[in-house]
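Here is a short briefing on one protein chain. Keep the sequence and the 3D view open as you read.

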Amino acid sequence: YERETIDGSRTAAKTLSVVHDGDLIINKIWVRHGATAIASSDVNGCSASGEFPTFELDAKRVIPRWIHWQTKTRGFWAKCDLLSRGTSGKNRIRPELFLTVRVPLPSLPEQRRIVARIEELAGKIEQAHSLRRQAAEAADAFLVATLRTAFTRYSAETVPLEQACTAIIDNLHSNPTYAESGVPCVRSPDVGYGTLDLDAARRTDEREYSRRTARAEPQVDDVVFVREGGGTGKCALVLPGQRFSLGQRVMMLRPDPAKVLPRFFLYQLLSPQVQEDQIAPLSKGSASPHLNIAALKQVAFRLPPLIEQGEVVRKLDKFQSQFGNLRNLQSETAAEIDALLPAILDRAFKGEL
C-alpha cells in the first residue's frame with residue numbers, strides 16, 4: 001500500500017494484509033514444508049507482511065479445517081516445492097502460483113465427516129505421543145536414581161577428584177589450525193555423556209596435532225571432559241585406536257589405575273552426585289558456563305576398594321545395556337507414531353477414510 005505523510009507527499013511501504021478469522025496464512029519460503037495456518041479469532045484484525053500472504057476461503061465450498069489438513073500432507077508440500085523452484089529469494093512461492101495448487105473438494109458434509117475422523121485419529125495419535133513422552137521421562141528419572149544410588153551403597157573414602165588422577169591435562173587455549181583431512185581435533189560438540197564422536201570432529205594436520213599434544217597425547221582410558229559451554233560436564237573414555245588432539249573447551253583426566261577403575265571413574269563423573277550436585281552449581285551464572293580447573297580438582301569423589309568398584313561397574317554396564325535397548329525401542333515406537341498421521345491424511349484425501 002502507499003502511506004501518506006503529513007506534508008502530503010506519498011511514500012512506498014511494504015505490502016501488508018489484514019488477517020481475518022478463518023483465513024489461510026502461508027509462509028512463502030517454508031510452505032513447501034508445511035508452514036501454513038488457519039487464522040483464529042485471537043489474530044483477527046492483525047496485519048501480515050508480504051512474506052505471509054493470506055487467503056480468504058470460500059465458505060460455500062470449503063471449511064477451514066479441510067484446507068488445514070490438506071496443507072499438512074506431503075503431496076501438497078511437493079506441489080508447493082515444485083512451484084517454488086527457480087524463483088528469486090530462497091525459492092519463495094508467489095501467491096498467484098500458490099493458488100494454482102489443485103486439491104480435492106468434496107461436498108461440505110463430506111468434508112466435515114472426513115475432518116471429524118482425521119481429528120479423532122489425530123487426537124489418539126497425540127495421546128500416544130504423550131504416553132511415549134511420559135515413558136521416556138520415567139526412564140530418565142529411573143536412570144538418574146540408579147546412578148545416584150550406585151555410588152552410595154558402599155562405604156567409601158571421599159577424596160578430591162585430583163587424588164584419583166595421575167594427570168589433569170588442559171587444552172592449549174588457542175584456536176586450532178584446521179585442515180581438510182588429517183587427525184581429529186575434539187571439541188565440545190564431539191563429546192557426549194559417555195560417547196566420543198571422532199567421525200564428526202574437525203581435522204588438523206600432523207604438525208598441528210604434535211603442537212596440540214605437546215602436554216600429553218590421549219591414552220586409552222583417559223577421560224575427555226568438557227569444561228566450558230552449554231555441555232559443561234560431558235565426558236567420555238578414550239577407547240583403543242582413538243587418536244586425536246584437544247580443541248578449545250575440552251580437557252583430559254587420567255585416572256590412577258592403582259586407585260580407580262576407568263569405567264567407575266567415568267560412571268561417577270556422569271552421576272547426579274557430580275553432575276547435578278557439584279558441576280551444575282559451579283557452572284551457573286554465565287551465558288557460557290565455565291568450570292574452573294581448580295574447582296574441578298576439588299570435586300568430591302567417592303573411592304571404595306577396587307573390588308567394590310568392579311561390582312558397581314558390572315551392574316551399571318548391565319543396566320546401561322538394558323537402558324540402551326529401551327531407548328532403541330522408544331525411538332522405533334516414536335518413528336512408528338510419527339508415520340501414522342501422514343498415512344491417515346494420505347488415505348483421507350484419497351477417499352479411503
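Which side chain does the side chain of Gln-330 join in a polar contact? The partner is Arg-327, and the polar contact is 2.7 Å. Keep in mind that this is a predicted model.

- Gln-330 sits in helix H10, which covers residues 306-348.
- Is Gln-330 buried or exposed? Its relative accessibility is 8%, and the cut-off for buried is under 20%, so Gln-330 counts as buried.
- Set aside the neighbours within four places in sequence, and Gln-330 is in contact with Arg-132, Ala-135, Ala-136 and Ala-139.

**Helix H5 against helix H10**

- Two packed helices are described by the angle between their axes and the distance between the axes.
- Helix H5 spans residues 108-150, and its axis comes within 11 Å of the axis of H10.
- The two axes cross at roughly 170 degrees. Angles over 145 degrees count as roughly antiparallel, so H5 is roughly antiparallel to H10.
- Which classes of residue make up the contact of H5 with H10? There are 25 nonpolar, 5 polar and 4 charged residues.

**Helix H8**

- Helix H8 runs over residues 272-283.
- The buried residues of H8 are Pro-272, Gln-273, Val-274, Gln-275, Gln-278, Ile-279 and Ser-283.
- What do these buried residues pack against? They pack against H5, strand E12, helix H7 (262-269) and strand E16 (300-303).

- Strand E12 covers residues 223-226. Val-223 and Phe-225 point one way, while Val-224 and Val-226 point the other way.
- All of these E12 residues are buried.
- E12 is joined by 3 bridges to strand E13 (residues 235-237), and the two run antiparallel.
- E12 is also joined by 4 bridges to strand E15 (residues 250-255), again antiparallel.
- Look at Val-224 to see both pairings. Its bridge partner in E13 is Ala-236, and in E15 it stands opposite Met-252.

**A three-stranded sheet**

- Strands of a sheet pair through backbone hydrogen bonds, either parallel or antiparallel.
- Here, 3 strands form an open sheet in the order E5-E4-E7, with antiparallel pairing.
- Which strands lie at the edges? They are E5 (36-38) and E7 (54-55), and each pairs on one side only.
- Strand E4 (residues 24-26) is joined to E5 by 3 bridges. In this pairing, Leu-24 stands opposite Ile-38.

**Two loop residues with positive phi**

- His-173 has a phi near 55 degrees, a positive value in a residue other than glycine.
- Find His-173 in the loop between strand E9 (165-170) and strand E10 (183-186). It is partly exposed, with a relative accessible area of 42%.
- Arg-249 is not a glycine, yet its phi is positive, at about 75 degrees.
- Find Arg-249 in the loop between strand E14 (245-246) and E15. At 35% relative accessibility, Arg-249 counts as partly exposed.

Terms used
Residues numbered from 1 in each chain as written. Predicted model: local features only at pLDDT ≥ 70, side-chain atom pairs only at ≥ 80, totals over all residues. Heavy atoms only, no water. Pairing = 2+ DSSP bridges. Buried < 20%, exposed > 50% of the residue type's maximum accessible area, 1.4 Å probe, protein only. Polar contact = N/O pair within 3.5 Å; in protein donor to acceptor, adjacent residues only side chain to side chain. Contact = heavy atoms within 4.5 Å. Axes fitted to C-alpha atoms, helices over the stretch in contact; angles between N-to-C directions. Parallel < 35°, antiparallel > 145°, perpendicular 65-115°, else oblique. Nonpolar A, V, L, I, M, F, W, Y, C, P; charged D, E, K, R; others polar.
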